[in-house]
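Hello,

Here is the structure I promised to pass on. Have a look at it first, and then read on for what turned up.

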Amino acid sequence: MCDADVIVVGAGISGLACARELLRKGIHVCVLEASDRVGGRTYSVEMSSQRIDLGGQWIASKAQQPFVQALVKELGLQLHPQHYNGKRILDLQDRQPLEYSTDIPTGIGLRALLAVQFTLWYCTLQARLNIGSAAAKDTSGKLGRFDQHSTADVLEKIAGLSGQVATKALVTAMIRGVFGCEAKELSWLHFLHYIACAGGLERLVTIKKGFQEHTVLGGAQQISERLAKEVRSLGGKLEFNCKVTSVTTEADGVWVACGESKSFRCLRCVFATPPKQLGNVKFAPALPSSRAALHTSVFIGCIIKAVFRYGRPFWRLNGFSGEVVAEATDDEPCFNCYDHCVGDCHMLVCFLNGSPARTWSLRTQDERRQVLLKQLTKWFGPEASHPLEYLEKDWAADEFTGGCPVGCYPPKTLAPHMQALRKPCGRLHWAGTEAAEACQGFMEGAIQAAQRAAREVSGHFSRL
Ligand SMILES: Cc1cc2nc3c(=O)[nH]c(=O)nc-3n(C[C@H](O)[C@H](O)[C@H](O)COP(=O)(O)OP(=O)(O)OC[C@H]3O[C@@H](n4cnc5c(N)ncnc54)[C@H](O)[C@@H]3O)c2cc1C
């Protein structure tokens with residue numbers, strides 16, 4: 001006797017989108033979620049009159065991210081354009097902050113600009129020519145060769161980073177922004193595969209024509225909240241505080257256990273959690289070695305996201321867009337800042353990513369608030385030191401995510417197991433943004449992977 005036809009593990013966007021697809025096909029689904037809320041890496045909290053995002057926030061145009069755009073529309077959510085008019089700031093350690101109103105920071109000099117542009121172009125071309133978004137078979141050994149190197153090794157060679165302070169700072173900020181880690185930690189193969197999935201590198205880091213064009217009015221967690229409502233109304237079950245700890249596959253079904261006290265039986269199981277979280281789940285029989293290796297070698301980046309609310313948008317009034325890219329250090333840990341004004345709520349969003357985030361994760365919330373205010377005051381003047389409210393989330397401290405934004409592979413760990421990224425293991429299927437073919441690491445990828453996994457699973461039920 002089964003508790004459900006399918007158990008979905010994880011009630012983030014991916015798990016819930018997958019559950020809804022299956023329920024719509026008449027398949028009975030139960031979603032097991034370790035925490036006490038839906039949304040996973042999206043988390044929207046009240047600030048003044050608004051709900052704002054301490055997790056995933058931005059989405060791109062329909063051309064670049066069709067799945068999330070369609071879902072947001074279907075769920076009746078509204079988009080809000082990301083503000084970008086006004087002067088932007090580039091803050092490098094070896095000079096005064098540069099202000100610029102063009103698309104590129106011309107003040108860093110032609111050589112540095114060309115090196116950055118060449119890096120963006122070279123990486124995108126390499127990804128398109130050599131990798132593709134599908135997990136290709138490494139027949140020629142090319143993927144294995146890419147996987148031998150760290151991203152830092154290759155970028156050092158192509159951009160001559162050691163001789164170019166500004167280029168190195170911008171490339172470091174780009175890697176920290178996209179992966180939440182340092183270039184030396186990241187396999188060059190993983191980096192290229194990620195770019196291939198996104199359709200290019202430049203779009204990952206830009207507002208205009210990039211992945212940061214829109215936010216969801218009222219917060220991105222609403223996507224999961226509305227999906228959960230639909231899952232329930234279609235007859236699906238959603239169980240909170242159910243951390244899956246072991247999975248036993250038998251000839252005619254699967255037992256999914258949450259600690260000693262609860263277990264559920266189903267015919268098939270879809271995992272929609274960050275792969276790092278599956279490293280601690282006991283599978284019997286053991287998973288194929290390639291799949292198991294993906295769970296043990298993956299690591300997840302580190303992001304602390306912080307939001308300050310002010311009485312007025314003084315930066316806009318002084319001609320600034322609110323966007324800053326900085327060469328973060330342990331003393332000045334914020335590497336990126338954006339305007340986030342919605343209605344009467346005037347906010348600046350700050351990011352600590354990668355190595356500075358790991359350092360500041362060990363400090364207190366008040367220490368982080370103080371150091372961020374110092375940087376904001378440097379960029380936007382004394383008014384920045386008087387916020388009305390401060391909220392933050394340190395994702396490394398999140399028990400069920402363990403970091404953010406996405407699972408990453410160190411050199412020499414991905415190529416031998418790439419084909420296992422999405423391949424089902426008997427009755428077990430893989431969703432979640434890390435299993436996406438498009439926009440891996442983003443909400444878009446979470447939905448794309450959910451739909452692919454739902455198709456895979458429902459194919460088995462139609463044959464019954
Ligand atoms: C600070 C930050 C900024 C980001 N910015 C953006 C952005 O601007 N745009 C964008 O598109 N994306 C962004 N992302 C990434 C985006 O949020 C994720 O790609 C997306 O939400 C992933 O969805 P998911 O359903 O695949 O996984 P998750 O949201 O991680 O959901 C997985 C769920 O599984 C649960 N779980 C884990 N282990 C277990 C277990 N053993 N048993 C049961 N349940 C378990 C977790 O609690 C969680 O609820 C950002 C993320 C962060 C944190």
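A charge counts as sitting over a ring if NZ of Lys or CZ of Arg is within 6 Å of the ring centre and within 35 degrees of the ring normal. By that rule the charged end of Arg291 sits over the ring of Trp430, 3.8 Å from its centre. Arg363 likewise lies over the face of Trp360, with 4.2 Å to the ring centre.

Some ground rules: this is a predicted model, in which local features need pLDDT of at least 70 and side-chain atom pairs count only at pLDDT 80 or more, while totals for chains, interfaces and linings use all residues. Residues are numbered from 1 along each chain as its sequence is written, and side-chain values use heavy atoms, with hydrogens and water left out.

Now the aromatic pairs. Rings of Phe, Tyr and Trp (its six-membered ring) pair if their centres lie within 6.5 Å; planes under 30 degrees apart are stacked, over 60 edge-to-face, and the rest tilted. The count comes to 18 aromatic pairs. One of them is the tilted pair of Trp58 and Phe351, at 6.1 Å centre to centre with 40° between the planes. This pair links distant parts of the chain, 293 residues apart: Trp58 is in strand 5 (residues 58–59) and Phe351 in strand 20 (residues 346–353). Helices (H or I, at least four residues) and strands (E, at least two) are DSSP runs, numbered from the N terminus. Both Trp58 and Phe351 are buried (under 20% relative accessible area; exposed is over 50%, partly exposed in between, with a 1.4 Å probe and protein chains only).

Phe118 and Tyr122 form another tilted pair, 5.8 Å centre to centre and 35° between the planes. They are separated by about one helical turn, because they are 4 residues apart in helix 3 (residues 110–130). Phe118 counts as partly exposed because its relative accessibility is 35%, and Tyr122 does so at 21%. Elsewhere, Phe179, Trp188, Phe191, Tyr194, Phe211 and Phe442 form one aromatic cluster.

Finally, the ligand. A residue is near it if one of its heavy atoms lies within 4 Å. There are 36 residues around the ligand, and Glu33, Arg41, Trp58, Cys404 and Thr433 come nearest. Among the polar contacts (pairs of N or O atoms within 3.5 Å), a ligand oxygen atom is 2.6 Å from a side-chain N or O atom of Glu33, and a ligand nitrogen atom is 3.1 Å from a backbone N or O atom of Ala34.

Best wishes

Key:
A polar contact is a pair of N or O atoms within 3.5 Å; within protein, one must be able to donate a hydrogen and the other to accept it, and residues adjacent in sequence count only if both atoms are side-chain atoms.
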